[in-house]
Amino acid sequence: MTFSVDDLAEHAGTSVEVLEWLSSALPVGAGRLYAQRPFRKKHGGIREVFKPEPPFDAISKNLHRSFTDVLSYEAPDHVHGFVRGRSTVSNASHHLAKECVLRIDLEDFFPSISAAMIGTALQAQGYQEKAAELAVSLVTIGGKLPIGLSTSPFLSNLVFLTTDRSLVEYAQAESLSFTRYVDDLTFSGEVADRHLADISRILGDAGWSVNTRKTAFMRRGGPQYVTGLYVGRPEGPRIPRKIKRQMRWILHVISKFGYDAYMEEFGGEGEEMHRNRLLGWACYIAAVEPELGYPLLRKLDELIPEGYGRLAERGYGVEDL
């Protein structure tokens, strides 16, 4: 496949002139072409999230569709993030009742993906140099892959493909199970310190940094969690007890005092646990543990009045709890 600038414009749903204008405007486009929102990370630090505005948002979505249709990338079996039909549940299912689970988190995954890395990946897929340069200028902000654009998830997987292959080869040679969910890498089996050292070296050689604060060995008999789910039992991933207790408590309070009292007197408003968010959590629990989640979902839907879905309209989801 050879992909030109004209092809890029056609797939973006606009003209080459508009793409070139957008390319030159993006570096100073904050507030006009995109909104920039800082979010505080759970373990410290700030994550910048970008929300594209018209016409940038439509072009970004069109480019995402173009990448998925035109590029030959197919997610390897061990990749579960941003892949249709896979999820945190499918990711965790590969690490059930293992002797040891090793979690490795990558430092600033999206921002660590540079314009040069994306350009190299696109040219390897058949993009002409000029087309790759123009595409890169439309999918990066400040020379980095931004969180929030439609194109970023797919491109992160594409750029990481070579490293994925190296890690799969290593895991197979060491008889370890390996999965990746975005920047969350999990290895399980007879995992030892030497494996962490080897994996860190493979990642470092490929240009990735390990977030040592979030690296953890989780051994059998203790808490073992993969992408937020307990994996210590062989029958399947389970919702953590803390979340179950919280949801049962919320249901009890709403059943006894009503939804308004829960929001005003018991901290629901402060925690932003509005109707759609509660129902989203119940749906997630149902996907993991149907016998617990579906009764919870039906009861919450029955007890909570309509019209409290403000956060859902602003893009909040289950992962925000």
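Two strands pair if DSSP finds at least two bridges between them. Helices (H or I, at least four residues) and strands (E, at least two) are DSSP runs, numbered from the N terminus. The model is predicted: local features need pLDDT of at least 70, side-chain atom pairs count only at pLDDT 80 or more, and totals for chains, interfaces and linings use all residues. Residues are numbered from 1 along each chain as its sequence is written, and side-chain values use heavy atoms, with hydrogens and water left out.

**View 1. An open sheet of four strands, in the order 4-5-3-6, has antiparallel pairing.** Strand 4 (177-181) and strand 6 (216-219) each have a single partner strand and stand at the edges, so one side of each is left without a neighbour in the sheet. From one strand to the next, the twist averages 15°; axes are lines fitted to C-alpha atoms, for helices over the stretch in contact, and angles run from 0 to 180 degrees between N-to-C directions. Strand 3 (residues 100-105) and strand 5 (residues 184-189) run antiparallel and are joined by six bridges. Opposite Val101 stands Ser188 in strand 5. Helix 8 (residues 161-173) lies across strand 4 and strand 5 and runs at about 155° to strand 4.

**View 2. Helix 3 (residues 56-70) has 15 residues.** From its first C-alpha to its last, helix 3 reaches 21 Å, close to the 21 Å expected at 1.5 Å a residue; the expected span is 1.5 Å times one less than the number of residues. The buried residues of helix 3 include Phe56, Ile59, Leu63 and Phe67. Buried means under 20% relative accessible area, exposed over 50%, and partly exposed in between (1.4 Å probe, protein chains only). Seen down the axis of helix 3, its buried residues fall within an arc of 165°, so they line one face of the helix; the arc is that of the directions from the helix axis to the C-beta atoms. Among the elements that these buried residues pack against are helix 1 (5-12), strand 2 (46-52) and helix 7 (152-159).

**View 3. Leu122, Tyr127 and Leu203 have the most contacts inside the largest nonpolar core, which has 63 residues.** A nonpolar core is a set of buried Ala, Val, Leu, Ile, Met, Phe, Trp, Tyr and Cys residues joined through side-chain atoms within 4.5 Å. Helix 6 gives the largest share of this core, seven residues. Not counting residues up to four places away in sequence, Leu203 touches Ile104, Phe160 and Trp208, among others; contact means heavy atoms within 4.5 Å.

**View 4. Leu71 is in the loop between helix 3 and helix 4 (88-92).** Leu71 is buried, with a relative accessible area of 5%. Gln125, in the loop between helix 5 and helix 6, is also buried, with a relative accessible area of 17%. Leaving aside neighbours within four places in sequence, Gln125 is in contact with residues including Met1, Leu71 and Leu158.

**View 5. Ser175 has a positive phi of about 60° although it is not a glycine.** Ser175 lies in the loop between helix 8 and strand 4 and is exposed, with a relative accessible area of 64%. Most residues other than glycine have a negative phi, and most peptide bonds are trans. The peptide bond from Pro54 to Pro55 is cis, with omega near 0°.
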